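Hi everyone, thanks for making time for this. I'd like to walk you through a structure I've been looking at, so please open it up and follow along.

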Amino acid sequence: LSAGVCCCCAALRPRYKRLVDNIFPEDPKDGLVKADMEKLTFYAVSAPEKLDRIGAYLAERLSRDVVRHRYGYVLIAMEALDQLLMACHSQSIKPFVESFLHMVAKLLESGEPKLQVLGTNSFVKFANIEEDTPSYHRRYDFFVSRFSAMCHSCDHDPETQTEIRIAGIRGIQGVVRKTVNDELRATIWEPQHMDKIVPSLLFNMHKIEDIDSRIGPPSSPTGGEKEENPALLAENCFRELLGRATYGNMNNAVKPVFAHLDHHRLWDPNEFAVSCFKIIMYSIQAQYSHHVIQEILGHLDARKRDSPRVRAGIIQVLLEAVAIAAKGSIGPTVLEVFNTLLKHLRISVDFELGDRRSSAGSATFSTSSKESEERIVQNAIIQTIGFFGSNLPDYQRSEIMMFIMGKVPVLGTTSQSLDTSHLGDLGTRRIQIMLLRSLLMVTSGYKATAITNALPPPFLDPLLSPSLMEDSELRQLVLEILHNLIDRHDNRAKLRGIRIIPDVSDLKIKRDKISRQDVSFMKKHGQQLYRHIYLGCKEEDNVQKNFELLFTSLALTTIELANEEVVIDLIRLAIALQDIAIINEDNLPMFNRCGIMALVAAYLNFLSQMIAVPAFCQHVSKVIETRSLEASYFLPETIFKDKCNLPKSLEKHEKDLFFLTNKIAEFLGGSGYSVERLSVPYVPQVTDEDRLSRRKSIVDTVSIQVDILPGNNTEDKV
């Protein structure tokens with residue numbers, strides 16, 4: 001009777017339950033009963049309204065089997081669910097999906113690694129299914145949290161740990177793909193999800209041994225490598241996530257990267273941070289690059305009081321990001337980048353000097369160590385400014401040159417310059433050097449068609465300010481910047497080092513005919529250039545490099561900007577420099593006086609060959625030959641040797657050792673030059689800045705020359 005009752009009960013059970021029960025064999029090892037599975041699938045397709053009940057019943061059985069550890073039946077239930085999902089695409093599938101996701105959640109919550117992997121595999125299959133209509137009410141918060149937790153698995157068995165982590169990464173990838181396909185982009189990009197997804201991926205990416213393998217544009221590892229290596233899989237998922245980011249949600253994806261790098265102290269050393277941002281910059285759409293750069297700048301501001309090495313690490317990341325962005329669109333962040341970097345340059349100098357003051361009397365080692373670390377920050381800033389600036393188009397680069405020059409603290413221009421009032425003279429000098437080094441890098445390779453574009457008055461005036469002649473290094477930087485801007489035919493390398501060039505034609509100097517714009521520039525601003533060179537020669541702290549740069553400045557001016565009128569002015573300047581050494585009203589050391597004489601010899605040797613007036617060339621050659629025999633310390637090849645015997649005085653030297661104005665005028669006049677102005681001694685212009693300068697009075701020096709030089713204008717004027 002009881003058997004009959006059971007048979008009757010079974011016959012009375014709903015058909016969908018009987019069809020579901022039939023797919024389970026008596027022994028789970030036999031696997032899914034395929035014939036009965038086909039019947040269940042046909043029934044589900046024919047009666048889609050029953051799908052939700054089929055799903056609910058399968059979920060009930062699966063939950064029971066999970067609790068009873070009957071994992072064979074769990075596998076069969078999930079296989080059946082997968083097949084039903086693949087077969088059914090009707091509107092009624094949505095209630096069935098809810099049951100399916102509930103069952104996947106049950107598997108992910110279990111402590112059994114095999115079930116977690118099984119649930120992940122089913123979810124990934126589901127994620128690849130395109131549903132007919134989006135489901136706006138469905139959320140994946142639990143799956144994001146669970147898959148993220150799996151990415152951090154710390155199972156004691158390494159193989160199991162790797163397996164769970166890979167499953168977690170694949171699950172996150174599935175969530176990303178599913179939400180995008182379901183047009184639910186807004187949900188996955190919410191900060192609470194990104195704060196879990198991104199750190200989970202970065203955690204696994206950091207486990208890779210060879211960081212360099214991830215640098216550059218997306219690579220294409222084989223399918224096997226992706227599946228077996230959590231780091232590669234996480235990287236590809238990270239790239240895919242960033243590739244789907246849009247204007248509105250880019251920041252939500254990037255901010256967790258900063259939090260992860262901060263929390264795990266990955267800015268020092270910063271190899272992983274650099275590789276992360278290279279991946280970001282190569283993965284996002286090019287038009288969003290400026291968003292990432294703005295985020296890095298913002299983070300640099302937020303960490304401005306961190307250790308120097310942390311700040312240097314962030315700046316280096318900015319450099320790498322800028323290097324990639326410079327190839328595409330940087331957008332409106334150009335000035336913001338420079339403004340922020342210059343601000344942090346001032347902060348770094350402030351920290352350096354503050355530590356020096358506070359550490360006065362303490363151990364020298366700790367102070368110098370702190371200073372050297374701040375120098376690392378400063379060098380990183382300069383390198384970033386220089387690289388960024390040198391990769392900008394010319395029209396933007398000229399704006400940046402003006403912007404940086406406007407920040408240099410010089411006399412009379414305090415409105416836009418960096419505030420250095422609290423830093424003192426030493427701090428101001430440090431800022432000046434750092435900004436000029438930045439400017440030197442930005443101007444490298446800049447080629448202006450007209451010199452007026454490269455050296456407009458608002459740029460040239462502060463560059464040649466007496467404030468930037470305070471010491472040898474400042475003057476060297478100013479001259480090198482001038483070389484970058486004046487040398488439009490890459491001749492500077494051929495002129496490197498001060499020397500007597502036997503045959504200038506061997507240098508194969510490149511030059512064009514002087515344009516009207518360049519002639520006009522020299523009429524307006526030539527005296528500023530001459531004055532800077534003249535005053536630069538009078539400085540006591542000049543070293544060999546200063547004289548080399550002064551020689552290059554004169555030579556480049558001759559090549560790029562000299563017509564006949566400028567040639568006469570340059571000769572007047574050279575003779576005036578010779579007078580500095582002979583008269584010595586500034587009480588210069590003997591090395592400086594001989595260095596100036598050597599500079600004049602090297603330049604007039606170059607100039608005479610460039611203008612190719614034979615008699616002038618012979619006069620210069622004769623003076624040089626006489627010097628080599630009687631006063632070799634007046635030649636660069638001797639005076640700039642490490643051990644050079646200097647004369648005790650120059651008063652007793654014969655005129656044959658000097659370049660004579662009247663003879664030069666005679667030789668040039670015979671070749672058609674207008675030489676009347678050669679009889680007028682060169683006197684530098686006096687500017688308002690000279691009167692404000694804290695240095696020894698240039699005004700007094702000039703007034704003395706005005707009194708002395710006309711009285712010495714004899715027939716054999718020296």
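I'll talk about confidence, then salt bridges, then a few helices and single residues.

Before anything else, please keep in mind that this is a predicted model. So how confident is the predictor? The pLDDT averages 84 over the chain, and 83% of the residues score at least 70.

Now to the salt bridges. In general, side chains of opposite charge can pair when their charged atoms come close. How many salt bridges does the structure hold? The count is 29, and I've picked a few to show you.

Let's begin with Asp262 and Arg303, which form a salt bridge with their closest N and O atoms 2.4 Å apart. Asp262 belongs to helix H14, residues 250-263, while Arg303 sits in the loop between helix H16 (289-302) and helix H17 (308-325), so this pair ties together parts that are 41 residues apart in sequence. Are the two partners buried or exposed? The cut-off for buried is under 20% relative accessible area. Arg303, at 19%, therefore counts as buried, while Asp262, at 23%, counts as partly exposed.

The next pair is Glu352 and Arg375, whose side chains meet in a salt bridge at 2.9 Å, N to O. Here both ends are in helices: Glu352 is in H18 (residues 334-358) and Arg375 in H19 (residues 364-390), so the bridge ties together parts 23 residues apart in sequence. Glu352 is buried, with a relative accessibility of 1%, whereas Arg375 is partly exposed at 32%.

Glu585 and Lys538 meet through their side chains in a salt bridge of 3.9 Å, N to O. Glu585 lies in the loop between helix H27 (564-583) and helix H28 (590-611), and Lys538 in the loop between helix H25 (516-537) and helix H26 (544-561), so parts 47 residues apart in sequence are tied together. Of these two, Lys538 is buried at 4% relative accessible area, and Glu585 is partly exposed at 28%.

One last item on this topic: Arg139, Asp141 and Glu190 are linked in a network of salt bridges.

Let's go back to H14, the helix that holds Asp262. Which of its residues are buried? They are Met250, Ala253, Val254, Pro256, Val257, Phe258, His260 and Leu261. The buried residues of H14 pack against helix H11 (191-205), helix H13 (230-243), helix H15 (271-283) and H16. Just after H14 ends, Arg265 takes a positive phi of about 55°.

Among the buried residues of H5 are Tyr73, Val74, Ile76 and Asp82.

Now for two single residues. Ile611 is found in helix H28 and is buried, at 16% relative accessibility. Leaving aside neighbours within four places in sequence, Ile611 contacts Val567, Phe616, Leu668 and Tyr673. Take Leu668 from that list: Ile611 and Leu668 are 57 residues apart in sequence, and their C-alpha atoms are 9.8 Å apart in space.

Thr552 lies in helix H26 and is also buried, at 5% relative accessibility. A polar atom of the Thr552 side chain lies 3.0 Å from the backbone oxygen of Glu548. Beyond four places in sequence, Thr552 is in contact with His483, Arg492 and Leu495.

Finally, the cysteines. A disulfide, in general, is a covalent bond between the sulfur atoms of two cysteines. How many disulfides does the structure hold? The answer is zero. For Cys151, the nearest cysteine sulfur is that of Cys237, 8.0 Å away. Cys151 is buried at 0% relative accessibility, and Cys537 is buried at 0% too.

That's my tour, and I'm happy to go back to any part of it.

Key. Residues numbered from 1 in each chain as written. Predicted model: local features only at pLDDT ≥ 70, side-chain atom pairs only at ≥ 80, totals over all residues. Heavy atoms only, no water. Salt bridge = Lys/Arg side-chain N within 4 Å of Asp/Glu carboxyl O. Helix = DSSP H or I, 4+ residues; strand = E, 2+ residues; numbered from the N terminus. Buried < 20%, exposed > 50% of the residue type's maximum accessible area, 1.4 Å probe, protein only. Contact = heavy atoms within 4.5 Å. Disulfide = S-S within 2.5 Å. Polar contact = N/O pair within 3.5 Å; in protein donor to acceptor, adjacent residues only side chain to side chain. pLDDT = per-residue confidence, 0-100.
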